[in-house]
Amino acid sequence: MNKNAYIPLGGGIDLVTPPRQMKPGQCLYAVNYECPVSGGYRRIAGYAAVGPVVPGEGPLLGVVTFADRYYAVRKDTGADAATLYRYNSDTNTWDSVGACHNGRYEFVEGNLTATEKGRALYGVGGGKPFQLLASPGESVEYQSILGVVSALRGNLPSGVVYIASNDKLIISDTKGRNITGLGVFDKADASLTTGTDKTGNGDDTTQAEIDLSDQAPNSIGYVRFTVGEEAETELAIPELASPFYELSAAQSGAQFIALHANHLFIGFPSGSLQHSSIGKPNSWNAAVGGAGEIGVGQPITGLLNGRGGTLHILCRDSIKTLYGSSTADWQLKITIPNSGAKPYSAQNLLQPYFIAERGITNLQATDQFGDFQPLQAGAMLEPLFTEDGWADRVVCSVISKRRAQYRVFFDDGSGVYMSPTGATTVLFPDAPVVAHSGELDSGEEVVLFGDANGQVYRLGNNADSFAGSPISAFLTLAYTDLRKPAERKRFRRVFWDVRSGSNADITFRPDFDFGGIESAPHLRQTLSFLLGGGLWDVARWDEFAWSAPVVGQEAHDITGSGTSINFAIYSSSISPPHEILGYDLTYSDRRLRRG
C-alpha cells in the first residue's frame, strides 16, 4: 500500500552532523541558494553593473551609498594616490569628488552636530580620514579670528599645518619647502590682505604668517597659498568650502572607523584607538578639546558599535569593548580573551557578526547589562574555515537587513549567506574585493560591491542575472529514511512544492542509500512548474501569473528502492528567483534491510 511523507526544506548546509543524523530538510551543500527566514531554499537574486568602470587602475578600494548617490574609490593611474568618485546617473559617468590616500577604505555615516546640515560620510583608508557633507555647511557668526581660522576647511599637503596666534594666521611646513602666494579673501573672493613669501631650506620647518588683526572675523571667506611644487591650497569657511575635505588634524595611518558617543573613532593596525573631541570630527588635540587615544594592546582588525552604547574593538587575538561616553569615564574591557576577528569581516545585524578562526561568530548580550558572550553562529560550516582555509581568505562583508542576512566574501568570488534559518554558499563570477550595505533616503536597501577591474555592482534590486550572465545554482539535500533506517522502501513519485514567479530551468535527480549501487542511477529530470500565482489584495500587480496556484505541486517519477533517498537540484538561467519549499514522497514499505 502506498504511503505519503512530506519533507519541509530549510536549515542550510550542515557539514558537521553525520549524514545519517542530519535533519531531512537540511542540505549537504548549496551554491547560490539562500535560506529565507520563512523556510525553504530560494535561489539568490543577481547583481547589475552600476555605470561604466571607475577611472583609474587596480582594484576598487571602497564603495559606499550616501545621500542617494553611489561613491567609489580607486587608485589614480600611474600615481601613488587615489580619488573618490560619485556616480552621475544623468551622464552615466563617475565624477571626481576629491583626492584621497591610496588604500583600502572603510566608511561610516552620521551626524555629530545634530543639525540639518551636519549629516556626513566619514572614510579612512590608511591616510588621514575625510568628511563628505550631504549639503554645504551652515553660515556661522564668528566672534574672533581664532574662531574663523579653526573653522576653515580644506585639504593640506603632507607636512603642512596652520594655527591662529595673536590674530595672526601661521602656516608651517615641516618639510622645509617654500611657502608662496599667501593671501586672504572675502566671501566674494576679493583680496583682503596678503602675506610675505618664505623660502625654505629643505630641512628646517618653513613658516609664513599673515596679520589678520585689521580684518573683521566674518569678512573672511578663503585663505590660499602654495607649498613647494604642490598645487595651490585653498582653505574656506564651511558655507563656502567643498563638502569633501580631509580631516587634517587627525593622524595618518588608520584603517578602521566608527562613530561612538558623538566622537569619531579611528583604529590603527598597531593597536592605537584614537577619537576626536565630542561633536568635532576635526578636533584631535587631547590637551584642549576632549580628544584622546587608547592603547588596546593588539593589532586592531575592526570597529563595531554594540548594544547598550558600547563600541567593540576587534583585535587579531581578542575582542575588547569600550564603555562610557567620554574621556572622563572610558572603560576598556576584554570580552573574548583568546580569539579575534579577521579584518573586514565585522558587521552588525542586531548582534555583531565576524569571522574568527573557526568561522562565523557573533556576540550576544547577556542578562547583565553591557556584557556579551560569544556564540559560533556558523558552527555547521566550520570545516570550510578550519580545513579549507576560508578564515584567512576574507576580503569583505555586508549585511542585508531586508533578508536578515550576514554576507561574507572570500578571495575567489565565493561567499556565505547566513540568516537565522541557516547558511549557504554563493559563487560570483565577478569576485567582490570591497562591499558596503546602506540605504537610500527612502529607506530602500542598497548593497554594493566592487571588483578587481574597477566595476561597481548593485546586488538584488530585481537583478535576475550576474551582470548579464546566467545564475548557476545547485542544492544537494540531506538524505531521509522517513524515520525507518532499517527498512527498505519502494519510492515511486515526488511532488515538489515550488513557489516562483520564475521561468527558470530546474532539474533534479534522486539518489538512494547514500550513493549505494543497488538501485540504478536516475537520469536528471526537469522540474516542471507553473509561474507563481497570487491572492487578491495581497500580491503585487505584474508579479504573479493568472490562473496559477500560489504554490505548485508537480509530480515526477522517481522509481527506485532503498532505505533512504535524497535529491540533487540544479538550475542555470537568467530569471527571477524561485523557492523550493519541500517535497511530498509517495512510497511503499518493503522489507527490513538484510545483513
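## Burial and the basis of the model

A residue is called buried when its relative accessible area is under 20%, exposed when it is over 50%, and partly exposed in between (1.4 Å probe, protein chains only). By this definition F265 is buried, because its relative accessible area is 0%.

The model is predicted: local features need pLDDT of at least 70, side-chain atom pairs count only at pLDDT 80 or more, and totals for chains, interfaces and linings use all residues. Residues are numbered from 1 along each chain as its sequence is written, and side-chain values use heavy atoms, with hydrogens and water left out.

## Aromatic pairs

Rings of Phe, Tyr and Trp (its six-membered ring) pair if their centres lie within 6.5 Å; planes under 30 degrees apart count as stacked, over 60 as edge-to-face and the rest as tilted. The whole structure holds 29 aromatic pairs. In one of them, the ring centres of F265 and W330 are 5.7 Å apart and the planes stand at 75°, so this pair is edge-to-face. It joins distant parts of the chain, 65 residues apart: F265 belongs to strand β22, and W330 to the loop between β27 (319-323) and β28 (331-336). Helices (H or I, at least four residues) and strands (E, at least two) are DSSP runs, numbered from the N terminus. W330 also counts as buried, because its relative accessibility is 17%.

Elsewhere, ring pairs connect Y47, F409, Y417, F428, F449, Y457 and F466 into a cluster.

## Charges over rings

A charge sits over a ring if NZ of Lys or CZ of Arg is within 6 Å of the ring centre and within 35 degrees of the ring normal. R224 lies over the face of F185, at 4.7 Å from the ring centre. K333 is placed over the face of Y323, at 5.0 Å from the ring centre.

F130 is part of strand β12 (residues 130-133) and is buried, with a relative accessible area of 2%. Neighbours within four places in sequence aside, F130 is in contact (heavy atoms within 4.5 Å) with residues including L84, Y105, F107, F244 and L247. A250, 120 residues from F130 in sequence, is 9.5 Å from it in space, C-alpha to C-alpha.

## Positive phi angles

A261 is not a glycine, yet its phi is positive, at about 50°. This residue lies in the loop between β21 (256-260) and β22 (263-267). A261 is partly exposed, with a relative accessible area of 29%.

N461, likewise a residue other than glycine, has a positive phi near 55°. Its place is in the loop between β39 (456-459) and β40 (471-477). With a relative accessible area of 48%, N461 is partly exposed.
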